[in-house]
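Please examine the sequence and the model shown below. The dialogue that follows takes up several features in turn.

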Amino acid sequence: MIVLAVLRHDQRLADMAGGNNVPESTVRRWRDEMIALLAAPAPRLDRTLKTTRSTT
């Protein structure tokens, strides 16, 4: 939930970490892992462009 608050409400990492008794480095790692997790299923731009060019 902390990571979602950071991403959704643009909360500073230090504010969210301090308010929840979690080290800032941990919140930063969680944020980075969440972004990687969300980005993983997204198609890469070069592959999408190649597919688009080949179908037109």
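This is a predicted model: local features need pLDDT of at least 70, side-chain atom pairs count only at pLDDT 80 or more; totals for chains, interfaces and linings use all residues.

Q: Which residues of helix H1 are buried?

A: A residue is called buried under 20% relative accessible area, exposed over 50%, and partly exposed in between, with a 1.4 Å probe and protein chains only. Helices are DSSP runs (H or I, at least four residues), numbered from the N terminus. In H1, which covers residues 2-9, the buried residues are Ile2, Val3, Ala5 and Val6. Viewed down the helix axis, the buried residues of H1 fall within an arc of 165°, so they line one face of the helix; the arc is that of the directions from the helix axis to the C-beta atoms.

Q: Against what do the buried residues of H1 pack?

A: They pack against helix H2 (13-19) and helix H3 (24-39). After H1 comes Asp10, whose phi is positive, near 55°.

Q: How is the packing of H1 and H3 described?

A: Two packed helices are described by the angle between their axes and the distance between the axes. Here the axes of H1 and H3 come within 9 Å and cross at roughly 75°. That makes H1 roughly perpendicular to H3, a term for angles of 65 to 115 degrees. The axes are lines fitted to C-alpha atoms, for helices over the stretch in contact, and the angles run from 0 to 180 degrees between N-to-C directions.

Q: Which residues make the contact between H1 and H3?

A: Contact means heavy atoms within 4.5 Å. From H1, the contact is made by Ile2, Val3, Leu4, Val6 and Leu7, and from H3 by Val27, Trp30, Arg31, Met34 and Ile35. These residues divide into nine nonpolar, no polar and one charged. In this scheme Ala, Val, Leu, Ile, Met, Phe, Trp, Tyr, Cys and Pro count as nonpolar, Asp, Glu, Lys and Arg as charged, and the others, Gly among them, as polar.

Q: With which residues is Ile2 in contact, leaving aside its neighbours within four places in sequence?

A: Ile2, in helix H1, is buried, with a relative accessible area of 16%. With those neighbours left aside, Ile2 is in contact with Met16, Asn20, Val22, Val27 and Trp30. Trp30 belongs to helix H3 and is partly exposed at 31% relative accessible area. The C-alpha atoms of Trp30 and Ile2 are separated by 8.7 Å, although the two are 28 residues apart along the chain. Under the rule that leaves aside neighbours within four places, the contacts of Trp30 are Ile2, Val3 and Val22.

Q: How many salt bridges does a search of the whole structure find?

A: Side chains of opposite charge can pair when their charged atoms come close. A salt bridge is a side-chain nitrogen of Lys or Arg within 4 Å of a carboxyl oxygen of Asp or Glu. The search finds four. Among them is the pair of Asp15 and Arg12, at 3.2 Å from N to O; Asp15 is partly exposed at 41% relative accessibility, whereas Arg12 is exposed at 55%. Another joins Arg31 and Asp32, at 3.0 Å from N to O. Arg31 is partly exposed at 23%, and Asp32 is partly exposed at 39%.

Q: Where do Arg29 and Glu33 lie?

A: An α-helix has 3.6 residues a turn, so residues three or four places apart point the same way. Arg29 and Glu33 both lie in helix H3, four residues apart, about one turn of the helix. They form a salt bridge whose closest N and O atoms are 3.5 Å apart. Arg29 is partly exposed at 43%, as is Glu33 at 44%.

Q: Is Asn21 buried or exposed?

A: Asn21 is exposed, at 75% relative accessibility. Asn21 is found in the loop between H2 and H3, and its phi is positive, about 55°, although Asn21 is not a glycine.

Notes:
Residues are numbered from 1 along each chain as its sequence is written. Side-chain values use heavy atoms; hydrogens and water are left out. Helices (H or I, at least four residues) and strands (E, at least two) are DSSP runs, numbered from the N terminus. Angles under 35 degrees count as roughly parallel, over 145 as roughly antiparallel, 65 to 115 as roughly perpendicular and the rest as oblique.
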